[in-house]
Amino acid sequence: MKEIFINDFNENIDLVVTRVKALLINSKNEILLEENNNTYQFPGGHLKDNETIEECLQREIKEETGIDLTINSKPFLKITCFYKNYFNTGKNVKSIIYYYDIYSDKMPNFEETNYDDLEIQTDFNLLYLRLKDLKSFLIQSKEDGTTNENIANEMLLALDTYLTRKEKKMKILVTGGLGFIGSHTCVELLNNNYEVVVIDNLSNSKIDVVDKIKTITNKSLTFYNEDVCNEEKLEEIFSKEKIDAVIHFAGYKAVGESVKEPIMYYENNLISTLKLLKVMKKYNCKNFVFSSSATVYGSPKSLPIKEDFPLKTTNPYGTTKLMIENILKDLEASDKDFSIAILRYFNPIGAHKSGLLGENPKGIPNNLMPYIVRVANKELDILSIFGNDYDTVDGTGVRDYIHVVDLAKGHLKAIEKVARDKGLFTYNLGTGKGYSVLELVNTFMKVNNVDVPYKIVDRRPGDIASCYADATKAYEELGWKAELGIEEMCRDAYNFIKTNK
Ligand code: UD1
């Protein structure tokens, strides 16, 4: 990559710029060209009749690379170029290209320092023009010993940094990484070139998940069979691994069990989180994504549920989630270097389409989808539907079911967010659409062409009629939304159980 650039840089700046753009585009096909209202002039004879700058760039890139660049008013990213001493003598010339997300209006935090007399800031669109400027500047500054190649190398380094970031080489510690949501998140992280370290004590997961994740991704991860409550082990892991960010899934999660064993729930869920945060602070790792739940909304005052709704829990499991959310708020307030995303999941179901990963609770399942698949698979006789007299479309409870792969992808967006911005951010992760129990069961039978016998029984204590998310905040701030529908969720959940019979 470097050689091509250096050669081209000396020969044909236009070509380089186009290649740079192509490279950037290739690295993430969500990159869009921003439609802009700037008044700058486009120098040279590039523009054809009646062509806008955007159209011109789009055409040139297409001609050069065959890549279609979409013009959109909300680009995924902007490129910002900084030239130090641009109008000055040319000594200590530095050029750097950085990117920042359109959703964040903060400028990047430069570790390189001494960019205090920045003269020019330009965005992705303007990169084209500014590189032209840089070229003429280079000619002027030759006598200072600055060569095109110095500058080219600087830019390549900056591009490398950019691409490395795009390729996401951060090292992420995933606690509970072999569980249902954790394992799918590991797959997404590895597929996006993050390094992954998992801590899991196998209390509700199986060791063979490690190999399954490796099979799916063709990548390896580091696994520690440890308990997150073990502070000493956490210290060892943090000192050895140089973790950049943590996604914290580990915890007990069965509502009914939590009512029977509250001390066990409070002890495990709270102590593990406190130990983890303590060790993170000590090792200066301050990017944290927390696995919370829509359970913190209790019985919502209205629907759909927004993040600023009042919080009230109805069982010890839910209370541990809410208590941890509060701990995180206090922590962030006390230490502004922390960057925390709280993700409130709605009802995750489905499985990895490979059939290798999915939800496999021990004993008789409490939740709906694991129960349905076992009835479909003839491991259980009949599904009990808890009540058909709710004020819903058909009387059965309505929930916002979300495909676990979509949910996993939400964690990547949250990691990007905490890596980019300081603060505490809370997001609902749901589809925004509710389905009743009967709708889910009927869809399951239709999609999988299988029978799921059911009977209507009394309401389950503590259940609410309807619960679904307003997921617009996650879309606006993270650029995330659920892509997979209820049919894929049913298909993949059944495929998993069939594959693992
Ligand atoms: C529960 C938890 C939630 C957790 C989620 C995991 C609460 C109050 N709920 O949600 O925190 O994130 O599990 O996915 O904390 N149903 C039946 N028959 C069954 C099982 C369930 O009819 O055998 C019905 C329920 O009444 C409900 C719907 O199916 O209307 C979904 O139930 P379930 O899968 O248990 O999830 P939630 O109770 O919504």
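Mentor: Helices of at least four residues and strands of at least two are DSSP runs, numbered from the N terminus. The model under discussion is predicted.

Trainee: In which loop is the place of Leu202?

Mentor: Leu202 has a positive phi of about 60 degrees although it is not a glycine. Its place is in the loop between strand E6 (195-199) and helix H7 (208-217).

Trainee: Does Leu202 count as buried, partly exposed or exposed, and at which relative accessibility?

Mentor: Buried requires under 20% relative accessible area and exposed requires over 50%, with partly exposed in between. Because its relative accessibility is 22%, Leu202 counts as partly exposed.

Trainee: Is Asn449 buried or exposed, and what is its relative accessible area?

Mentor: Asn449 is found in the loop between helix H14 (437-448) and strand E17 (454-457). Its phi is near 50 degrees, a positive value in a residue other than glycine. The cut-off for exposed is over 50%. Asn449 is therefore exposed, with a relative accessible area of 71%.

Trainee: Which polar backbone atom is 2.8 Å from an oxygen atom of the ligand?

Mentor: A polar side-chain atom of Ser293 lies 3.3 Å from a ligand oxygen atom. For a polar backbone atom of Phe386, the distance to an oxygen atom of the ligand is 2.9 Å. The distance of 2.8 Å belongs to a polar backbone atom of Leu368.

Trainee: How much of the area that the ligand exposes when taken alone does the protein bury?

Mentor: The ligand is surrounded by 20 residues, the closest being Thr295, Leu368, Ser384, Arg399 and Asp463. Taken alone, the ligand exposes 740 Å², and the protein buries 87% of that.

Trainee: Which element gives the most to the shell around the ligand?

Mentor: By class, the shell has nine nonpolar, eight polar and three charged residues. Strand E11 (347-349) and strand E12 (383-386) each supply at least two residues of this shell. The element that gives the most, with four residues, is E12.

Terms used. Residues are numbered from 1 along each chain as its sequence is written. This is a predicted model: local features need pLDDT of at least 70, side-chain atom pairs count only at pLDDT 80 or more; totals for chains, interfaces and linings use all residues. Side-chain values use heavy atoms; hydrogens and water are left out. A residue is near a molecule or strand if one of its heavy atoms lies within 4 Å of it. A polar contact is a pair of N or O atoms within 3.5 Å; within protein, one must be able to donate a hydrogen and the other to accept it, and residues adjacent in sequence count only if both atoms are side-chain atoms. Accessible areas come from the Shrake-Rupley method with a 1.4 Å probe; for residues, only the protein chains shown count as cover. Ala, Val, Leu, Ile, Met, Phe, Trp, Tyr, Cys and Pro count as nonpolar, Asp, Glu, Lys and Arg as charged, and the others, Gly among them, as polar. Buried means under 20% relative accessible area, exposed over 50%, partly exposed in between (1.4 Å probe, protein chains only).
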